[in-house]
Amino acid sequence: MKNEDIIALLNQDLEGEHAAIIQYLTNAYAMGEGEMACEIEAIAREEMRHLDWLAETIVELGGIPSLERGKMRMDGESVADWMKNGVLLEEDAMNPYKEHIKAIDDPKIKRLLKRILSDEESHHGDFMHFVEKAKREGAKDVRGTRQDKITRVLNWGIEHEYTVILQYLLHSYMTANEDVKKEMQDQAINEMQHLGWLSEELVDEKGTPRIEHIEVDQSTKTADMLRADIQIEREVAAEYDRAAREIEEPDLKELLKRIRDHEVYHAEVFTDLLKQERASD
């Protein structure tokens, strides 16, 4: 099988992992605090690891990781319905992985896909268990329908964080600069923390997190990546600062200021990396 054909199959798998991450995080945030929500977040983190492995393999083959999100299963009225969706989504992943393992000859890639498949089979069993657990424990959707300035600010923040997570991960995969790669991955993890904080705060405020993103910079040159990342961090830090000054609620004000300070830090780190990158040219 040609590299481009393998890349196409792996990108299909990657898009499925992307869908699983967002579906499971959405479900976990909607359930609020609790053991099952934590377990589902842990599964989402395993799917993140799969996405990372697949993306790195795609780049090694000379491809570009897809930023598309596969099909999610978001219907259903109850938490038990969501858990049934998890069972089905895992089946949606398991069958293609089995097909791709058969189709791909490369032993290293075949081994990787078998490793991921073993996790998906385990997740499938977890969600089957969660269906019954949700019914037994009476798990509920704790989101609300509040729509006002506060919920708009929080959902704006979620949109930004999701966007830069994708952007920094893509840049980390595509750069040849190991220092930049490490920093991009570290900052993507920090932005994932922000997404969680904002989503949890939004649920506490009786709103509903909307995990969607805007356009992601897809530069292929490291200097261009860093310029785009510096620009978005500076713009967003200013926006978080403005929102923090306008919102009166003390806890939310402090959260926005904390995230603002992180964004300022990211911009400064990326600026230093850009200087180093220019000096090495």
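Among contacts between residues at least 6 apart in sequence, 81% join residues at least 24 apart. Keep in mind that this is a predicted model.

**Fold and overall dimensions**
- Reading from the N terminus, the elements run α-α-α-α-α-α-α-α.
- Along the principal axes, the C-alpha atoms fill a box of roughly 60 × 55 × 25 Å.
- The radius of gyration is 20 Å, which agrees with the value near 19 Å that a compact globule of 281 residues would have.

- Nonpolar side chains tend to be buried together in soluble globular proteins.
- Here, the largest nonpolar core has 81 residues, and L10, I40, M83 and L256 are those with the most contacts inside it.
- At least two residues of this core come from each of α1 (3–31), α2 (35–60), α3 (79–103), α4 (107–137), α5 (149–174), α6 (178–204), α7 (222–246) and α8 (250–280).
- The helix that gives the most to this core is α1, with 14 residues.

**Surface and charge**
- Of the 281 residues, 50% count as buried.
- The protein exposes about 13,700 Å², and carbon and sulfur atoms supply 48% of that area.
- There are 37 positive and 63 negative charges, and their mean positions are 1 Å apart.

Key: Residues numbered from 1 in each chain as written. Predicted model: local features only at pLDDT ≥ 70, side-chain atom pairs only at ≥ 80, totals over all residues. Heavy atoms only, no water. Core = buried A, V, L, I, M, F, W, Y, C linked by side-chain atoms within 4.5 Å. Buried < 20%, exposed > 50% of the residue type's maximum accessible area, 1.4 Å probe, protein only. Helix = DSSP H or I, 4+ residues; strand = E, 2+ residues; numbered from the N terminus. Rg over C-alpha atoms; globule rule 2.2 N^0.38 Å. Contact = heavy atoms within 4.5 Å. Areas by Shrake-Rupley, 256 points an atom, 1.4 Å probe, with all protein chains shown as cover. Lys, Arg positive; Asp, Glu negative; His and termini not counted. Charge placed at Lys NZ, Arg CZ, Asp CG, Glu CD.
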